[in-house]
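This report describes one protein model, with its salt bridges, core, strand pairing and surface taken in turn.

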Amino acid sequence: MAMVFSKVLTADDIENGLSIPGSSLGQLPDQEGLTMSMQVHDRNGQAWIFSCTIKRNDSVGHFLSVGWNKFVREKDLRVDDKVTIQEEAMQKQGSGTWIKVEVKRKIRLFGEDIWADV
């Protein structure tokens, strides 16, 4: 399994969509406004379709804006939750990969911080 991207969520990520820097994804096309769909799977194997748009910002260059409002609502995501997107080899097909999204929430337990699955 190869990690593609990991980020602690901000209010902007939750309210306006997840921003993934192009440097995390390799070379993004230069075509600002290009929209595509990304199918991901959560830890339960449920498929989610995220609408993604390539945008440009002078400070970070190209980035992928991920529309994931339904996922945020249904998983009750919050500021400071950590999202990780990983690429995983398909077990049954023999070739190819699928994208896995994992969300963890920091919980204070007996004076220790632990990350629990959301």
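## A buried lysine and its partner

Lys75 counts as buried at 18% relative accessibility, where buried means under 20% relative accessible area, exposed means over 50% and partly exposed lies in between (1.4 Å probe, protein chains only). The model is a predicted one, in which local features need pLDDT of at least 70 and side-chain atom pairs count only at pLDDT 80 or more, while totals for chains, interfaces and linings use all residues. Residues are numbered from 1 along each chain as its sequence is written, and side-chain values use heavy atoms, with hydrogens and water left out.

Lys75 is found in helix 3 (residues 69-75); helices (H or I, at least four residues) and strands (E, at least two) are DSSP runs numbered from the N terminus. Which residue meets the side chain of Lys75 in a salt bridge? The partner is Asp42, at 3.0 Å from N to O; a salt bridge is a side-chain nitrogen of Lys or Arg within 4 Å of a carboxyl oxygen of Asp or Glu. Asp42 lies in the loop between strand 3 and strand 4 and Lys75 in helix 3, so the pair ties together parts that are 33 residues apart in sequence. Asp42 is also buried, at 4% relative accessibility.

With neighbours within four places in sequence left aside, Lys75 is in contact with Asp42, Asn44, Trp48, Arg105 and Val118; contact means heavy atoms within 4.5 Å. The C-alpha atoms of Asp42 and Val118 are separated by 9.9 Å, and the two residues are 76 residues apart along the chain.

## Other salt bridges

The structure holds 7 salt bridges. One of them joins the side chains of Glu74 and Lys70 (4.0 Å, N to O). Glu74 and Lys70 are 4 residues apart in helix 3, and are therefore separated by about one helical turn. Lys70 counts as partly exposed, at 49% relative accessibility.

The side chains of Asp117 and Lys104 also meet in a salt bridge (2.7 Å, N to O). Asp117 lies in strand 8 and Lys104 in strand 7, so this pair ties together parts that are 13 residues apart in sequence. Asp117 is partly exposed, with a relative accessible area of 40%, and Lys104 is partly exposed at 22%.

## Elements and strand pairing

The protein contains 3 helices and 8 strands. Their order from the N terminus on is β-α-β-α-β-β-β-α-β-β-β.

Strand 7 (residues 97-109) pairs with strand 3 (residues 35-41) in the parallel sense over 2 bridges; two strands pair if DSSP finds at least two bridges between them. In this pairing Val40 stands opposite Ile99 in strand 7. Strand 7 also pairs with strand 8 (residues 112-117), in the antiparallel sense over 6 bridges. Asp117 in strand 8 is the bridge partner of Lys104, and the side chains of these two residues form the salt bridge described above.

## Nonpolar core

How many residues does the largest nonpolar core have? The core has 21 residues, and those with the most contacts inside it are Leu18, Phe50, Val66, Trp68 and Phe71. A nonpolar core is a set of buried Ala, Val, Leu, Ile, Met, Phe, Trp, Tyr and Cys residues joined through side-chain atoms within 4.5 Å. The elements that give two or more residues to this core are strand 2 (18-21), strand 3, strand 4 (47-57), strand 5 (61-67), helix 3, strand 6 (82-89) and strand 7. Strand 4 supplies the largest share, 4 residues.

Trp68 touches Leu9, Asp13, Gly17, Leu18, Phe50, Leu77 and Val83, not counting residues up to four places away in sequence. Over the protein, 45% of the contacts between residues at least 6 apart in sequence join residues at least 24 apart.

## Hairpin and surface

The hairpin of strand 7 and strand 8 has 2 residues between the strands, and Phe110 there takes a positive phi near 55°. Phe110 is exposed, with a relative accessible area of 82%.

Ile107, Leu109, Phe110 and Ile114 make a nonpolar surface patch of about 420 Å². Patches are made of residues with over 30% relative accessible area and no salt bridge: like charges are joined within 9 Å, and nonpolar side chains (Val, Leu, Ile, Met, Phe, Trp, Tyr) within 5 Å. The protein exposes about 7,500 Å², of which carbon and sulfur atoms supply 47%; accessible areas come from the Shrake-Rupley method with a 1.4 Å probe, and for residues only the protein chains shown count as cover. Buried residues make up 33% of the 118 residues.
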